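Hi,

Here is the structure I said I would pass on.

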Amino acid sequence: MKKTLIAATLAATFLAGCSKPETTAPKTAVETTTAPAEKPELGSFGVDLTARNEAVKPGDDFFMYASGTWYDTYVMPADKTRYGAFSGLAERSEERVKEIIEEIAARDDLNAEEQLIADFYNAYMDTETLNKLGVAPIKPLLTEINDVSSTDDLTKLFGQAWLSGVNSPIGGGMWFNRLDPNKYEMSLGAGGLGLPDRSYYLEDSERFEKTRNAYVAHIAQMLELAGVDNTTKRAQAILALETKIAQGHWPREKRRNRDLTLNQIKRSELNSTYPGFNWDLYFAQTGYKVPQLNVSQPEPIKAMIELINQEDLAVWKDYLTYHALSSNAELLSEDVFNTNFAFYGKELNGQQEPRPRWKRAISQMSSTDSLGFAIGKVYVARYFPESSKQQMSELVENLRTALGERIDNLDWMGAETKVNARAKLAAFVPKIGYPDVWQSFDGLTISKNDLMANIRNTREFFQADSVAKELEKTDRNRWGMTPQRVNAYYNSSFNEIVFPAAILQPPFFDPNADAAVNYGGIGAVIGHEMGHGFDDQGSKSDANGVQRNWWTDSDRAAFDAKADQLAEQYSKYEPIEGNFVNGRNSLGENIGDVGGLSMAYHAYKLSLNGKEAPIIDGLTGDQRFFLAWAQVWKEKRTEQSMLNQLRGGTHAPGRFRAQAPRNHDAWYKAFNVQPGDALYLPEDQRVRIW
């Protein structure tokens, strides 16, 4: 199960009525029931109309109107904590990857990369061997932890966290220099928590107290597997330590602020600015030269140094012992994995059963720091036609045109800032489907019967590659996701928008779907990623990816006022009683949603060349556009998963992302939304940024 780790990230989720909504098209529309020439995957035009609940007024709950029948009847499988459009595509991707891997594993005539894939998969699936070994694969690590006798020994283990997988209160990785994106730069921050967010430690509610008690019981069980005695008392001490770590952390919304997290410092000045920590020993474990670095969280780093020096060494050793087992649980025997799952899966997320082992194997293998690109190369050849890439490229350019026109027409932005905004838009680099240059795996050794060695070899392989490139010019061919990943992202340092092949499928994109559906689906996703370049944080970097202020003061103030209004709007959503969406922490994503929808709608209208959209199945083009958007965000979650999203995630839950159209005038007209409807916003409260 995933834990809270420090890592450089890419800049990247009620009311019902009983009256039937009006779906009659304007009389000026062209009357037709003609669907696209080739049948789309969903319905007659690309949207699953059977998912709707037409007893719900769109203006009361657009999520339930668009997907309510599905939501009310869908039964969550025991191995899931959430399910929706993303999950369905992820399952399809997993099935396809499974076919690829099993076909490779069954052959004898394998090339070098195929042999790596087959051997890794076979080692992961060999539970018989893992069960015989128990915790033996990490015995050397446990012994090293047990032998710690000084703060320097502790520091050494923290510096090796990238290799061992254990938690560390100080951590980071190589990313891009925000003031010179042509250079790499190490970024350091505070980490070290086993629960999803600091609030799980610091809030006194009954819900969080129950979770903390369960966490202590879980830690005690894991320590017992490691042969530790007096486990309950030691588990309580670990929780007390992690609570102090949490007290030293910044809240998530503060950690998003790129002005606060840009703190470059020369290596030679680190000891005097952040004294009390053996930085030479720490960096020696990584192999990096680190002539300069960025300390993303200055006060938390100082707080972590104080804890490292003041807390009992024995508690730190128990902390590392627990996290060594927990972080590596899926690589060990089934009793260790199941004990870990009982807390991180069932208690913390509401997941009743583990995912099948083959799915866990694929997840382990498909990341960018494993064999993901070796698998992705085959995936693309089989499942991603060049025609889809071409169509996607055209959509991106249509969205670029639409956003350009919208920037020109903004009434709150002045001419000087518009020039810079236009320059940034023109400089956007789209990456679609797969990388132009594939990752090489020359020199990587994988065994068919030693899973832990495979993990260690893979970590060392990618670390060595990163160390070798540290002082070189940054690699602009680099992808932060593999082609089989169902997602997309914006990278502010390269000013690039990236769309892996696996997301370019229904309900996001279907070459046979109605244009309104593709614009409301993948078009709005494209707009969302473009919007990250102009959200509250992405807008702090210019066309070249350099973090600098390219705004006039008055324009920035006008933008911030609109962003504040949107943050307040989302902060009113209450998915769980007493637990609200964090509108400030999710602000960048919400700006991306609201702005991306505006861009996509504008581009859709441009695509009609002044003509009226046809009516299909009784729905206007505008209705189909907004329905496509809402069904992209259909999802069902366990309550525990929802809470994790609210406290630890940067996205609003899908239910509220589906309501983004309430900020768009066209939605009100399309679905006859009136004052008194639950989602109705007066015009002056509708947030229009981009």
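**Aromatic pairs and the rest**

Phenylalanine 428 and phenylalanine 534 are both buried (buried is under 20% relative accessible area, exposed over 50%, partly exposed in between, with a 1.4 Å probe and protein chains only). Before going on, the ground rules: this is a predicted model, where local features need pLDDT of at least 70, side-chain atom pairs count only at pLDDT 80 or more, and totals for chains, interfaces and linings use all residues. Residues are numbered from 1 along each chain as its sequence is written, and side-chain values use heavy atoms, with hydrogens and water left out.

On confidence, the chain has a mean pLDDT of 93, with 95% of its residues at 70 or more (pLDDT is the predictor's confidence in each residue, from 0 to 100). Residues 1-36 have pLDDT below 50, and this stretch has 105 contacts in the model beyond near neighbours in sequence (a contact means heavy atoms within 4.5 Å). Where pLDDT is low, the predicted coordinates should not be read in detail.

Back to the rings. The structure holds 52 aromatic pairs (rings of Phe, Tyr and Trp, the last by its six-membered ring, pair if their centres lie within 6.5 Å; planes under 30 degrees apart are stacked, over 60 edge-to-face and the rest tilted). The pair of phenylalanine 176 and phenylalanine 494 is tilted, because the ring centres are 4.4 Å apart and the planes stand at 40°. Phenylalanine 176 sits in strand β2 (residues 170-177) and phenylalanine 494 in the loop between β7 (489-491) and β8, so this pair ties together parts 318 residues apart in sequence. Helices here (H or I, at least four residues) and strands (E, at least two) are DSSP runs, numbered from the N terminus. Both phenylalanine 176 and phenylalanine 494 are buried.

Phenylalanine 428 and phenylalanine 534 make an edge-to-face pair, 5.9 Å centre to centre with 80° between the planes. Phenylalanine 428 is in the loop between α20 (415-427) and β6 (429-433), while phenylalanine 534 is in the loop between α22 and α23, 106 residues apart. Both also belong to one aromatic cluster, made of Trp412, Phe428, Tyr490, Phe534, Trp550, Trp551, Phe559 and Trp690.

Phe559 turns up again in the helix packing: among the contact residues of α23 are Phe559, Ala563 and Leu566, and among those of α24 are Leu587, Asn590 and Ile591. The axes of α23 (residues 553-570) and α24 (residues 587-607) come within 10 Å and cross at roughly 100° (axes are lines fitted to C-alpha atoms, for helices over the stretch in contact, and angles run from 0 to 180 degrees between N-to-C directions). That makes α23 roughly perpendicular to α24 (under 35 degrees is roughly parallel, over 145 roughly antiparallel, 65 to 115 roughly perpendicular and the rest oblique). The contact of α23 with α24 has eight nonpolar residues, one polar and no charged (Ala, Val, Leu, Ile, Met, Phe, Trp, Tyr, Cys and Pro are nonpolar, Asp, Glu, Lys and Arg charged, and the others, Gly among them, polar).

For α19 (residues 386-408) and α20, the axes come within 10 Å and cross at roughly 175°, so these helices are roughly antiparallel. Their contact divides into six nonpolar, one polar and five charged residues.

Some backbone details, too. Valine 290, in the loop between α13 (279-284) and β5 (292-295), has a positive phi near 50° and is buried at 1% relative accessibility. The peptide bond from proline 506 to proline 507 is cis, with omega near 10°.

Cheers
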